[in-house]
Amino acid sequence: MQYWNLWLCGNIGFMLFNSLHFLLFFPVVLGLFWLLPRSLYWVVLLGASYYFYMAWRPAYIVLIVVSTAVDYTVSRLMMGYGIDDRRRKYLLAISLVANLGLLFMFKYFNFFNDSLRQLFIYFDWRYPIADIDVFLPVGISFYTFQTLSYTIDVYRGKLVAEKHLGIFALYVAFWPQLVAGPIERAGTLLPQLRSWVGFDYERVRAGLLKMGWGFFKKLVVADRLSLYVNAIYNYPQNFDSGPILLATFLFSFQIYCDFSGYSDIAIGAAKVLGYDLMENFERPYASQSITEFWRRWHISLSTWFRDYLYIPLGGSRVVKWRWYVNVAIVFLVSGLWHGARWTFFVWGGLHTVYILGELIGKDFCQRWQINGVGMPAWLVKWLRMGVTFSLVTIAWLFFRANSFDDAMIIVRHLFVNFDNVGVFSRTTPVQLSLSLGLIAFLLGHEAYVESDLRQRSGWFASDFVRWGYYLMLMLGLMWLGVFVNREFIYFRF
């Protein structure tokens, strides 16, 4: 409960969803959106979106404005040329250079510059280029991909360029999903943003419930798990295999609840305003293969890479070796998209190995007509889920490590002295039991929501049961939540 008081008394800086700043911001935006003249709705939303971003670092709003101006101008000019006109390619190149250039300078220049410096040092050569002293703009990977998808779709003739500059600017900067997605497509979001949506009780109720569940996943599950995970991963040299294995297992659920919690809050907030964003997660840890995992995890990003990188490279419509290369390119680029560190590259490389292993194994089974081993279907299902989860969790080790050196320490310590006592060295059995219980509750809740049990059972339709359930979640949020101004993990990307 002391965390609750700390949260209410402070935390008024950067606009985190889990902050007092947002608690004040959201109702003000709703009031202005519903009460001011309808013709001003986009002004309210655009102003709120820019304020939302500027609450972090005001000067960096210039990057969003530049990206908006370039892609609006380029797309409008494209409409003046035929679909096969070469000048459309030049205009697309301007958009790609401008957007990816900004992304490279702010996110990747120092990474590649330092890597090149280390190479020069290895050969005892002088390297004169210094790093750039800049902060990584929050959410730059997300809004860059969102505006690029718009320009590419206009270039391909799938979209007609948006004439209203204000509406297009709102599409680029729409505050619920500005800094961590979902990465929306213009063909879905732009038509919605062209109109005002008035107050609708059912939409508002559904949106608030979605937000509430997102807050529960973030504050109660993810941030509580982070207490143990951070204690281990920030000092990996002090721990052996037991604590590290447990921390890695817990991180799998921390990152899921942290990121999907953000997505739920974003989707819910947009729904309260009257707009629909795409679902970004569909129970990814219920996947029975790595391929299925990527159809369920961070869906807006995986489909972006499919449509704008994998398919243009030729996808699976090429010779087999080239198909495998295309898969490798997508996952290695996806790794670096998450961050300018070699650990993310290794994370992407591991998923490349997993996917290629599945493709080659499937081809082998089909060639030799291997269809199964005679086990019951339910057992095969659970074994596949267990193997998939284990592989994903191993890869998360590199994702979470603070550096490549830390990752190597962790890997070495995985094979040193499985110390059961050490598991509790950074927590108590009660806290650990609570964390594991919360994970079990999360998995059970999501399985119930996705199953047809919800539709077939009438007990949840009872107001008494339903509101009792809502009250339980609210009390859990208040008493078990960790209110210490913890940012969302994906804000770093």
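Predicted model: local features only at pLDDT ≥ 70, side-chain atom pairs only at ≥ 80, totals over all residues.
**K107**

I started with K107 and found it in helix α5, which covers residues 86-122. Is K107 buried or exposed? Its relative accessibility comes out at 8%, so I have it down as buried, given that the cut-off for buried is under 20%.

Next I checked what the K107 side chain reaches. It makes a polar contact of 2.5 Å with the side chain of S141. The K107 side chain also gets to the backbone oxygen of W337, again at 2.5 Å. I looked at I140 too: it sits 33 residues from K107 along the chain, and the two C-alpha atoms are 8.5 Å apart.

**S300**

I moved on to S300, which lies in helix α12, residues 299-310. Its relative accessible area is 1%, so S300 goes in my buried column. Which residues does S300 touch, leaving out those up to four places away in sequence? I get P182, I183, M278 and N280.

L36 is in the loop between α2 (20-35) and α3 (41-54). At 34% relative accessibility, I log L36 as partly exposed, because that class runs between the buried limit of 20% and the exposed limit of 50%.

Definitions and conventions. Residues numbered from 1 in each chain as written. Heavy atoms only, no water. Helix = DSSP H or I, 4+ residues; strand = E, 2+ residues; numbered from the N terminus. Buried < 20%, exposed > 50% of the residue type's maximum accessible area, 1.4 Å probe, protein only. Polar contact = N/O pair within 3.5 Å; in protein donor to acceptor, adjacent residues only side chain to side chain. Contact = heavy atoms within 4.5 Å.
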